[in-house]
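Welcome! Please take a moment with the sequence and the 3D view, then read on for a short tour.

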2 protein chains.
Amino acid sequence: MDKMFLGIDLGGTNIKVGCFDSQLNLVCKTAAPTRADMGPDVVIDKISDTAGKLLADNGLSLDAVDAVGIGSPGPSKIDKGIVISAPNLPRFRNIPLRKLVSQRLSKPTIFENDANAACWGEHVAGAGKGVDDMLFFTLGTGIGGGIISNGELVHGFKDNAAELGHIIIRKDGRPCPCGQQGCVEAYASAAATSKRATEAIQAGAQSSLREVFESNGEITCKDVFEHYTAGDRLAKNVAEGTCSALGLLCVSLLHVTGPQRIVFAGGMIAAGEILLKRIRHFFRQYIWPLKPEPVEICFATLGENAGIIGTAALALHARRQGKL
Amino acid sequence: MDKMFLGIDLGGTNIKVGCFDSQLNLVCKTAAPTRADMGPDVVIDKISDTAGKLLADNGLSLDAVDAVGIGSPGPSKIDKGIVISAPNLPRFRNIPLRKLVSQRLSKPTIFENDANAACWGEHVAGAGKGVDDMLFFTLGTGIGGGIISNGELVHGFKDNAAELGHIIIRKDGRPCPCGQQGCVEAYASAAATSKRATEAIQAGAQSSLREVFESNGEITCKDVFEHYTAGDRLAKNVAEGTCSALGLLCVSLLHVTGPQRIVFAGGMIAAGEILLKRIRHFFRQYIWPLKPEPVEICFATLGENAGIIGTAALALHARRQGKL
């Protein structure tokens, strides 16, 4: 029988597990609450139990599994598979996640951070399929990233690469939660978009968003894009600020790693076509006119499955290269 | 006898040729005028003659040479070894330089652009030795770059990578010769540094640079750094503008490819320790405080030999990998 590959996407809220064949077709998947508050031991139990139950429920045994991939949030030592810390996994401190999962499931296991894993998923099976040089952005509360160069993930020295939300687009600009000023994340994340709109309303700007703020106590990024589409001028200014920051970022990064395709993922892409259209618009506005740049800017296609596909695919890739 | 590797650095003014053993020790080197004005045929003759004469003068024959590397300025198709165009080689239009040199010398030949070749030289034998993730900047009239990620040069799709001078550090900022606005090259190249100083003098600023401008008709980047060191306030402001742009660039790029070391080369590094010290200062000022980043910022060490060492080393590397 064809060997299977398990992809595990550990998040602060849910553990997702997918079982894939060696062509990366999804055989079955499931999800269970992480119970991060219970600490690492319980979380490791949950991972193991969830994977075991998924296989059992689908008439499979661990014998059918060739290798496992696991993705986790937070700063980590990727080679060693150690989670240094993770805001969404509060009691994780230097947890050797790869080793623990490998021991529990008795399978060779590869570890990756969650953004890189999702990037790899889109690379092998989604919006970046067939593309050896790509950039991947997750637009959520923050902005995360992944880079594929010459068909491989870029990790950098001590895994410092691909912190793409913290590229500085404005010197001495808006403060970013990371401690820097002027990061693209401080302008263009969902949180920053919402914050810029809220600040404008609080400063007295006229806008249909005022009613939203008064009835909900907040303005979400989704509100901003909805009111932009509906024709509100302030919402337009705020949303265009987001899109222009992202378009500028694409120009700068084109000149760094030379991607063929730039893929945007994350909750914010629910804003839809208008977001994509305006990022492309600003990219064309800021890029040099001398040489046409055939970079494609598009949305991710795998949604919440990117992590499980990516981790399973990384396990398969490492096995094929004889590295796992 | 140990096989030799020829490194050829084609520039607008000179052709440099070096002969190296398989440990990349320099055996002999020479240089000759390019005569770019005479067109590609003559230049190819000059390359071949210069290499042949170097070997003959040192009691070597072409038989001793295993492979050749050649570096060239200008947009090019690196894999194919074609120079698309080059400002300093005015009659070069889609010239298959790799093939022509390979035919003339009857040797397997590898092609690289000049900035990447110099970057590879520093990587194998200079300031980036032993470092698998590095960034390389040439600070001259413009700003060029090279990226090494996981021990290999990053080329990107259609060789679009590593145009590091055209990262945008200020939206709607100073116009850059490339047609974009706010590129780091528009603030921190030697030409931009000189231009910003000249603009300030023309606008009436008080400075010891005024006398330089009045007697020489121009202010060079070298003048700016000399007068900065001597205590002139305007020169300080201009030079600090250059260093802060470069420090900011280092922060942003640390978050992209995660280099262990960032190496500055080119004519501008003649400014010396003060340039390096201030780039490091601004790097520390702009980087996040949360996580110490152990990146090293330093000067290149190979000087004008970087190109010949780099191209010879690329030929050796490709032969060892069975790719040439």
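The C-alpha centres of domain 1 and domain 2 of chain A lie 28 Å apart, with domain bounds coming from an automatic or database domain assignment. This is a predicted model, in which local features need pLDDT of at least 70 and side-chain atom pairs count only at pLDDT 80 or more, while totals for chains, interfaces and linings use all residues. Residues are numbered from 1 along each chain as its sequence is written, and chains are lettered from A and ligands numbered from 1 in the order in which they are written.

**Two domains in chain A**
- Domain 1 covers 4-123 + 304-320, and domain 2 covers 130-301.
- Where they meet, domain 1 of chain A gives 11 residues and domain 2 of chain A gives 14 residues; residues are in contact if their C-beta atoms, placed from the backbone, lie within 7 Å.
- On the domain 1 side, strand S5 (76-77) and helix H3 (114-125) of chain A each supply at least two residues. Helices (H or I, at least four residues) and strands (E, at least two) are DSSP runs, numbered from the N terminus.
- The largest share of that side, 7 residues, comes from H3(A).
- That side of domain 1 divides into 6 nonpolar, 3 polar and 2 charged residues. Here Ala, Val, Leu, Ile, Met, Phe, Trp, Tyr, Cys and Pro count as nonpolar, Asp, Glu, Lys and Arg as charged, and the others, Gly among them, as polar.

**A sheet and its helices**
- In chain A, 5 strands form an open sheet in the order S3-S2-S1-S4-S7, with mixed pairing; strands pair if DSSP finds at least two bridges between them.
- Strand S3 (26-33) and strand S7 (109-113) of chain A are the edge strands, each pairing on one side only.
- From one strand to the next, the twist averages 15°; axes are lines fitted to C-alpha atoms, for helices over the stretch in contact, and angles run from 0 to 180 degrees between N-to-C directions.
- Strand S4 (residues 65-72) of chain A runs parallel to S7(A), joined by 5 bridges.
- Helix H1 (residues 40-57) of chain A packs on the sheet, and its direction makes about 40° with that of S2(A).
- Helix H10 (residues 306-320) of chain A also packs on the sheet, at about 135° to the direction of S1(A).

**Two chains together**
- Chain A and chain B each bring 37 residues to their contact.
- Helix H8 (residues 233-257) of chain B supplies the largest share of the chain B side, 8 residues.

Technical notes:
Two residues are in contact if their C-beta atoms, placed from the backbone, lie within 7 Å.
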